[in-house]
Amino acid sequence: MSDRPRSSDLGIALLLWVAYAGVLGVTVPAVGYSASEVGYLQSTEAVGDWLGLLIAAPEQALHREMIEKAWASSETCFSAFKLLAAASRQLLSNVPWASPGFAYRLPPMVWGAFGVALIHGWASRVLNRAAGLVAALTFALIPVAFSQAHVAGSPLSIAVTGLLCCYCYVRSLERSGLGWVLATWGAFVLLLQVQPTGWLLVVAFVAHFLLLQGRTFWNQLRRRRLLVPRAWLYVAVFSWPGLLASWPRLWFEPWQRLQSYLDSGVGAAPGNPWVITAGTVPGISLVLFLTGTVGSLLTLLHTWEHSEAPESSSSILSSASSSELLWLFAAIASYAMVELNPRGAGSGPDAGGVNVWIGAYPYFALLAARGFDGVCRSFAENSSAEVVPPLIQRLGRLAVGVSVLAGPLVMCVHSYPFGQAFYTPVVGGAPGAANLGLHRTGSSESLALLSTYFNEHASAGQTIYLPRDIAAFERLREDGRVREDLQPTSAIGGSEYAPYTWAPKTSAAEYRIWFDYGTTTPAEVVAHDGVPIVWVYERR
Amino acid sequence: MAIRPWLWLAIPGLGALELVMHVLLATKAPTEEEFARVAAQLDRLRKPDDLVVVVPAWSEPLARKAWGEERLSLFVRSRMDVSSYAGAVEVSALDQRAPELASFEEVQRVRAERLLLRRLENPRYVPSLFVFTDQVRPDRMLVGEWNGEAERDCEFVRRKDTDSSANPKFSRGAERRLSEPLPDPQPRFVCTGAKASFVGVTLLAERDMRPRRCILAPAPFNGVLRLRFAQVPIGRVLKGYAARLESAQHVLDGTHVAFSAYVGGQRVGRQAIAAEVGFVPFEFAVQHLQRGSAEVVFEVEGERGAGREFCFNAEMR
């Protein structure tokens, strides 16, 4: 593993970052607003107002009353992200092509794309460039990840933050300087901001360290020396003050509010994680992940068995196996974070549990790259240079790469803009998922799928019955995606259009429309792969 | 030949297989256009009173959009059960079958587009002689509240406005999370006893989320609600389902609603309906009564005099 990344790898990472952010920017106009994102944006607006006041009249802005007003609605913190989103909105407010929604979503899109670049960088360092590309694209092309990468306050932002934290931590183990230790601390503070159960990553760090350095650790402990990574100290001691300082809500009654924040992460998570993972991550990526995990564990076991004396802490902690083991532990910790945090962003009824497991997906992609590397090695071993010309060997490796990415690419492109309703062939695709009664799309998000219909069919000033999704509709209107004259209403009486989005146990809402409109015939049905997602009734 | 050196080939193989599977599955389910194109074949196959069932049920909105009200009406969708249909046409995709039609016998099948249309006949057909939910109108029924001393008639009104947002929200069974406002019966009998209430037809979701059309008939405070239907043909059985609805604002108190049926002045059945159990089927034998027609009276009474929301459907078969 090289200590310094090659400039060409950095260039590829940068290219991935810009390209993925660009694709997200181009495709964002078709992505709807979930109920949780609408709530997130409302609180971001309050933070934006406060930021404006802070610049104009700092003394006034720092009054408790103003701080409470701006940050009161922030049950989940995301303070850095909200400040960035508010700043983005302010900066882009006079740019004609940038809608308010685009401006708010720009920082999370850039952050999501950064995650793709980081995955490439890490896998390139630990494995090789080809594996780095496979890792980055494996993650980028997971349909639900691509869908969530557009969204503000989404679990994808949490996933990338956790990934950054792990990367900085591994680098801090390799180098003796303070730079990566401080970076780990900063990333950990950011993680605590976005995930109340983010502290569980420390458990992964401890398990990772003890498994690699257990013997040395106990030997040193017997000599009354505590040998632990320096990053632990910074994470344990300084991250909580960091959270307190970076989240103005905690500047008053910090203990009670911190307690309430941490308590918000206890309960039962929605959905079955294994069914949802198998149903949303392309099967080939999961097979590669399993292959990579097994290969990685076997390599680690082999290293232990054949090392006569314990390796020096720096050599083993900086080995490729160290990163690979951390990927595995971090993936497990990410699942645990969700199990303990059903109230995290995107885990509400709208998401139906489809998004919340994304935290583990970067590590799946990294271990999938390990699996891909193993397959390429096996290919190379069985096609010696005497028999197979080097050019054919290279083409062969390229073909393997294409074979593991073509499926995810086709699935990802096909899933747009139905990212929440996409399911892999493992569960039978969208029809199979419908048979299983799995989540399709949240009612708020699905309004974007009907915007063209409303714009083309509704007469001037007509009203649309939206008992729960008026705020999401107003966001679309603000972005210019639905006509200004269309009016949302929470009263069914007098409304001219009534959309219904399928979700488990919500049929009563549709029956109410049948009863009131006197029809069971929808005027328009938006379906994905033959599975109706949202349909709208018109009063006749 | 040793297999192990070639195991790596399984990965590209799986990748290609998944891609092919994805393409196949993405194009497997029928589209709205396909449903529209089979409408003519459906009409040729079905008889006027046939039930039309679409499987899988999740594809039904496409069929409803393509076929319109005539083939999949609200009345058909909110059926009590399939036993009162002599025939049915099952329109199925993805080789699925409707479990409720399992006892029907296939007499004809047509494959069109990616859909299979099967005409089925019901060997256990029992015709409905009288559907009470279809007769909630002043020329067929009377509603009154008995307070122990006198019966006060409930007045029939046709409301013009259609806003039911202000209606009480009910959290019955599976609807608990949603707490939908009750679909508002428009033609209704308004009772002005101890507390104003009304009787009329509404539409609710069963625990399995199937629609149930039923007569909203709240048990009055310290009284009995009576629904009188004139000239009902007498068959073999009075069959239906009933549910006690729980207001989201009220704490469950474990009380029941007593539901009784009288035919020609003779009580044929009484059932206590508990809360939180969804719709409960009832079946009262009337075959021992004299043939012809008679008045049928339903009584609804809250246990210990408490007023309770209640909804039921009944058919004479």
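In this predicted model, helix α17 of chain A takes in residues 320-339, which makes 20 residues in the run. From its first C-alpha to its last, α17(A) reaches 29 Å, close to the 28 Å expected at 1.5 Å a residue. Of the 20 residues of α17(A), 16 are buried, so the helix is largely enclosed by the rest of the structure.

One of the neighbours of α17(A) is helix α18 of chain A, residues 361-381. The two pack at an angle of about 150°, and their axes are 8 Å apart. Since angles over 145 degrees count as roughly antiparallel, that is the label for α17(A) and α18(A). The crossing here is left-handed. On the α17(A) side, the contact is made by A:Glu324, A:Trp327, A:Leu328, A:Ala330, A:Ala331, A:Ser334 and A:Tyr335. Helix α18(A) answers with A:Tyr361, A:Tyr363, A:Phe364, A:Leu366, A:Leu367 and A:Arg370.

Another helix pair in chain A is α6 with α7, the latter covering residues 129-140. Their axes come within 7 Å and cross at roughly 150°, which makes α6(A) roughly antiparallel to α7(A). This crossing is right-handed. Helix α6(A) brings A:Val116, A:Ile119, A:His120, A:Ala123 and A:Ser124 to the contact. From α7(A) come several residues, among them A:Ala131, A:Gly132, A:Leu133, A:Ala135 and A:Ala136, along with A:Arg129 and A:Phe139.

Helix α6(A), residues 100-126, also holds A:Phe114. With a relative accessible area of 16%, A:Phe114 falls below the 20% cut-off and is therefore buried. What does A:Phe114 touch, leaving aside its neighbours within four places in sequence? Its contacts are A:Trp17, A:Val160 and A:Leu164. A:Gln256, on the other hand, is 142 residues away along the chain, and its C-alpha is separated from that of A:Phe114 by 35 Å.

Then there is the pairing of helix α9 (residues 155-174) and helix α11 (residues 200-222), again in chain A. Their axes lie 11 Å apart at an angle of about 30°. With the limit for roughly parallel set at under 35 degrees, α9(A) and α11(A) are therefore roughly parallel to each other. Helix α9(A) passes α11(A) in a right-handed crossing. A:Gly162, A:Cys165, A:Cys166, A:Tyr169 and A:Leu173 of α9(A) meet A:Leu201, A:Phe205, A:His208 and A:Phe209 of α11(A).

Turning to chain B, the secondary structure comes to five helices and 18 strands. The chain has 317 residues, and 55% of them are buried. Among contacts in chain B with a separation of 6 or more, 71% are between residues 24 or more positions apart.

Some of those strands in chain B build an open sheet of four, in the order β1-β2-β4-β3, with mixed pairing. The edges are taken by β1 (51-55) and β3 (105-112), each of which pairs on one side only. Neighbouring strands of this sheet are turned by 20° against each other on average, direction ignored. At the β3 end, seven bridges join β3(B) to β4(B), residues 115-121, and the two strands run antiparallel.

A second open sheet in chain B has six strands in the order β7-β6-β12-β17-β14-β15, and its pairing is antiparallel. Strands β7 (151-153) and β15 stand at the edges with a single partner strand each, so one side of each is left without a neighbour in the sheet. The twist averages 25° from one strand to the next.

Along the pairing, B:Ser260 stands opposite B:Arg270, while B:Ala261 stands opposite B:Gly269.

Terms used:
Residues numbered from 1 in each chain as written. Chains lettered and ligands numbered in written order. Predicted model: local features only at pLDDT ≥ 70, side-chain atom pairs only at ≥ 80, totals over all residues. Heavy atoms only, no water. Expected span 1.5 Å × (residues − 1). Buried < 20%, exposed > 50% of the residue type's maximum accessible area, 1.4 Å probe, protein only. Pairing = 2+ DSSP bridges. Contact = heavy atoms within 4.5 Å. Axes fitted to C-alpha atoms, helices over the stretch in contact; angles between N-to-C directions. Parallel < 35°, antiparallel > 145°, perpendicular 65-115°, else oblique. Left-handed = near helix turned anticlockwise from the far one by under 90°.
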